[in-house]
Amino acid sequence: MEMVADEKMRMFKKARMGLEACDRELEEKAKEVTELKLDRQKKKLQIDELERIVRLKQAEADMFQLKANEAKREAERLQRIALAKTEKSEEDYASSYLKQRLSEAEAEKQYLFEKIKLQESSRPSQSGGGSGGSDPSQVLSYSKIHDLLHGYNAGPKSDSQLSDRHHHFRTNP
């Protein structure tokens, strides 16, 4: 019987050791479950934080896109203003240039008119009363002056016409 009692005692110790091993394993598993739950909670917080950052970055991107669109519209507006000012400046320059050319032509006309008056007053009376005996260069000058005077009376001429006439007066005094 002693042997049976020893055997039972050994079985009892073995069972107790098995139970203690199971308890330790259960405690370890409980710790692992707790750690996994904490890990899961941390991951969830990280995901929430990342989602918040994504929303913030998206809002920033939307804001920058809005500002870029506004800047583009402003640049287009300024470009239109600059183009309009350039066109206005070119028109003003052309107008000023044409006024200056007209003024020069008027001065040339006045000069030639005075020259004709001077030549007529210094010319002796001719018996025929015509200009048959006149110098050919004088006839050409009178013709040019006549054209010039009638050209201004007929209306404004283009810049090229003024330039051509002005050029002839300079080369043929």
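A salt bridge is a side-chain nitrogen of Lys or Arg within 4 Å of a carboxyl oxygen of Asp or Glu. Keep that rule in mind for the pairs below. The model is predicted, so local features need pLDDT of at least 70 and side-chain atom pairs count only at pLDDT 80 or more, while totals for chains, interfaces and linings use all residues. Residues are numbered from 1 along each chain as its sequence is written, and side-chain values use heavy atoms, with hydrogens and water left out.

Start with the overall fold. The chain has 3 helices and 0 strands. Here helices (H or I, at least four residues) and strands (E, at least two) are DSSP runs, numbered from the N terminus. Along the sequence the pattern reads α-α-α.

Now look at helix H1. This helix covers residues 2-122. It holds 121 residues and spans 174 Å from its first C-alpha to its last. That is close to the 180 Å expected at 1.5 Å a residue. The expected span is 1.5 Å times one less than the number of residues.

Next comes burial. Buried means under 20% relative accessible area, exposed means over 50%, and partly exposed lies in between (1.4 Å probe, protein chains only). Of the 173 residues of the chain, 9% count as buried. In H1, the buried residues include Arg101, Ala105 and Glu108. Leu112 and Ile116 are buried in H1 too.

Back to the salt bridges. The whole structure has 6 of them. Take Arg52 and Glu49. Their closest N and O atoms are 2.7 Å apart. Both residues lie in helix H1, 3 residues apart, which is about one turn of the helix. Arg52 is partly exposed, with a relative accessible area of 42%. Glu49 is partly exposed as well, at 36%.

Why does a spacing like this bring two side chains to one side? An α-helix has 3.6 residues a turn, so residues three or four places apart point the same way.

Glu60 and Lys57 form another salt bridge, with the closest N and O atoms 3.5 Å apart. These two are separated by about one helical turn, because they sit 3 residues apart in helix H1. Glu60 is partly exposed, with a relative accessible area of 30%. Lys57 is partly exposed at 47%.

Glu74 pairs with Arg77 in a salt bridge. Here the closest N and O atoms are 2.6 Å apart. Glu74 and Arg77 are 3 residues apart in helix H1, so about one helical turn separates them. Glu74 has 36% relative accessibility and counts as partly exposed. Arg77 also counts as partly exposed, at 36%.

Patches are made of residues with over 30% relative accessible area and no salt bridge: like charges are joined within 9 Å, and nonpolar side chains (Val, Leu, Ile, Met, Phe, Trp, Tyr) within 5 Å. Asp and Glu count as negative and Lys and Arg as positive; His and the chain ends are not counted. The place of a charge is taken as NZ of Lys, CZ of Arg, CG of Asp or CD of Glu.

Which residues gather in the patch of negative charge on the surface? They are Glu20, Asp23, Glu25, Glu27, Glu28, Glu32, Glu35 and Asp39. Glu20 lies in helix H1. Glu20 is partly exposed, at 38% relative accessibility.

A nonpolar surface patch is formed by Tyr93, Tyr97 and Leu98. Together they have about 320 Å² of accessible area. Such areas come from the Shrake-Rupley method with a 1.4 Å probe; for residues, only the protein chains shown count as cover. Tyr93 is found in helix H1. Tyr93 counts as exposed because its relative accessibility is 60%.
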